[in-house]
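Hi,

Here is the structure I promised to pass on.

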Amino acid sequence: MTRQLHLGAFMRPVAIHTGAWRYPGAWPDANFSFAHLRHLARRLEEAKFDAFFMADHLAVLDMPVNALKRSHTVTSFEPFTLLSALAGATERIGLVATASTTFDEPYHIARRFASLDHLSGGRAGWNIVTTANPDAALNFGQDTQMEHDARYDRAREFYDVVTGLWDSFADDAFVRDAESGIYFDPARMHVLDHHGPYLNVRGPLNIARPVQGWPVIVQAGASEAGRQLAAETAEVVFGASPNLEAGKSFYRDVKGRMERLGRNPDHLKILPAAFLVVADSIEEAQEERRRLDSLVHYDSGIASLNGMLGYDVSGYDPDGPLPEIPETNASRSARERMIELARRENLSIRQLAQRAGSYAGLAFVGTPGSIADEMEQWLVERGSDGFNVMFSWLPGGLEAVVRKLIPELQRRGIFRRDYAGTTLREHLGLPRPGNRFFPG
């Protein structure tokens, strides 16, 4: 059987491009309009996307006011509230939310995702993040951000606790026998009683086991610690490979780690981020991208660049080269990507800032046929199992993908024409995990 693409829609909560809200015909308020977000989710479901992927920020982004005033993500919905509302407005599309292992508690996360999984009929996914933004620490009673590797150590323990809480009840624990007056069988309930280096959680969770057993586990780290966490825990990796060769290397590395750990590599889907601009001709697509990029103000671009680098370069000559960037406590993978891009293309700080504000990663810009060719090559050559799609602007960029690219992928037989199941695990071809405390 021909390998099938898996497609998520990265909604961050809408467009990642800092100029997208200014594009002619765009919805400037799409980020904070439930009516618009509901429409977009329904269109993605009509196109049979695997999932609607919602990122999150736990602080207003740390940037000068001249940049901050240009940001369309200063106000956005809390992910669980939004996805719970979208669960009632959709029927099949998966609903993935980011939740931090650094600034939240496992019991909270376990309850929220279990609730979302039940409310949606088994469509929830948890994107595990360790939160690189140091300003978030200040919103949670901490003066400084936890060190990078310590964040990942806590995340690994956090995963064990959350999944253990999801296994608090056997699937058949709730008998609800009205005649005898027995609601549930206490012998089918497990008290976790976890005591570890970072966390102490008694349990059990006060919610029945999720529909999917566990909501789908998503992870996005690309550092050494992030890759290892993905190999040990993830079922979807939201990757950031900038080209096919890098994608194949990442794919081999993470799936190879899984095999060495005794995990089935087919039980992990690697979906790199891909920025799409779809038009009827290559020239039209390139012109749309140029016009979109021209809307990135330097204030926005330099703020985005500083955030990715974890270092302020705004005091250097904008038309000079990127200076040596010291290691910081920020995201290492983002820092390394931007430094490598600057060196590879000999970009000035100004040029790099524009790329940072317009999305500097993997982009497919072209016709439905040319983009389908590239996606198919990634799939066939094992660079990915699909993509987490980023749309150029809303709603037009999404509509171009839905109306033009998806039919081409379906014509080639590499993307579904309808959902085969009802849960996110079924969309992704992932098994339902057994209960570690109540096997069989």
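Let me start with Phe52: beyond its neighbours within four places in sequence, Phe52 is in contact (heavy atoms within 4.5 Å) with Ala9, Met11, Leu37, Ala41, Leu44, Leu83, Leu86, Ile93, Gly94, Leu95 and Val96. Phe49 and Phe52 touch the most other members of the largest nonpolar core, which has 97 residues. A nonpolar core here is a set of buried Ala, Val, Leu, Ile, Met, Phe, Trp, Tyr and Cys residues joined through side-chain atoms within 4.5 Å; buried means under 20% relative accessible area, exposed over 50%, and partly exposed in between, with a 1.4 Å probe and protein chains only. Another core of 16 residues lies apart from it, with Leu305, Leu309, Leu347 and Ala360 among them.

Before I go on, the ground rules. This is a predicted model, where local features need pLDDT of at least 70 and side-chain atom pairs count only at pLDDT 80 or more, while totals for chains, interfaces and linings use all residues. Residues are numbered from 1 along each chain as its sequence is written, and side-chain values use heavy atoms, leaving out hydrogens and water.

Next, Lys48. You'll find Lys48 in the loop between helix H1 (34–46) and strand S2 (51–54); helices (H or I, at least four residues) and strands (E, at least two) are DSSP runs, numbered from the N terminus. Is Lys48 buried or exposed? Lys48 has 17% relative accessibility, so it counts as buried. Not counting residues up to four places away in sequence, Lys48 touches Phe415, Arg416, Arg417, Asp418 and Tyr419.

Now the helix packing. H10 (298–309) and H12 (349–358) pack at about 85 degrees with their axes 7 Å apart; axes are lines fitted to C-alpha atoms, for helices over the stretch in contact, and angles run from 0 to 180 degrees between N-to-C directions. That makes H10 roughly perpendicular to H12 (65 to 115 degrees; under 35 is roughly parallel, over 145 roughly antiparallel, the rest oblique). On the H10 side, Tyr298, Gly301, Ile302, Ser304, Leu305 and Met308 meet Ile349, Arg350, Leu352, Ala353, Ala356 and Gly357 of H12. The buried residues of H12 are Ile349, Leu352, Ala353, Ala356, Gly357 and Ser358, and they pack against strand S9 (269–278), helix H9 (282–294), H10 and helix H11 (332–345).

Rings of Phe, Tyr and Trp (its six-membered ring) pair if their centres lie within 6.5 Å, with planes under 30 degrees apart counted as stacked, over 60 as edge-to-face and the rest as tilted. Phe32 and Phe77 are stacked, 4.5 Å centre to centre with 20 degrees between the planes. Phe32 is partly exposed at 42% relative accessibility, and Phe77 is partly exposed at 24%. The rings of Phe113 and Trp126 are tilted, with centres 6.0 Å apart and planes at 40 degrees. Phe113 sits in helix H4 (106–120) and Trp126 in strand S4 (124–129), 13 residues apart. Phe113 is buried at 0%, and Trp126 is buried at 0% as well. One aromatic cluster is formed by Phe80, Phe113, Trp126, Phe158 and Trp166.

Cheers
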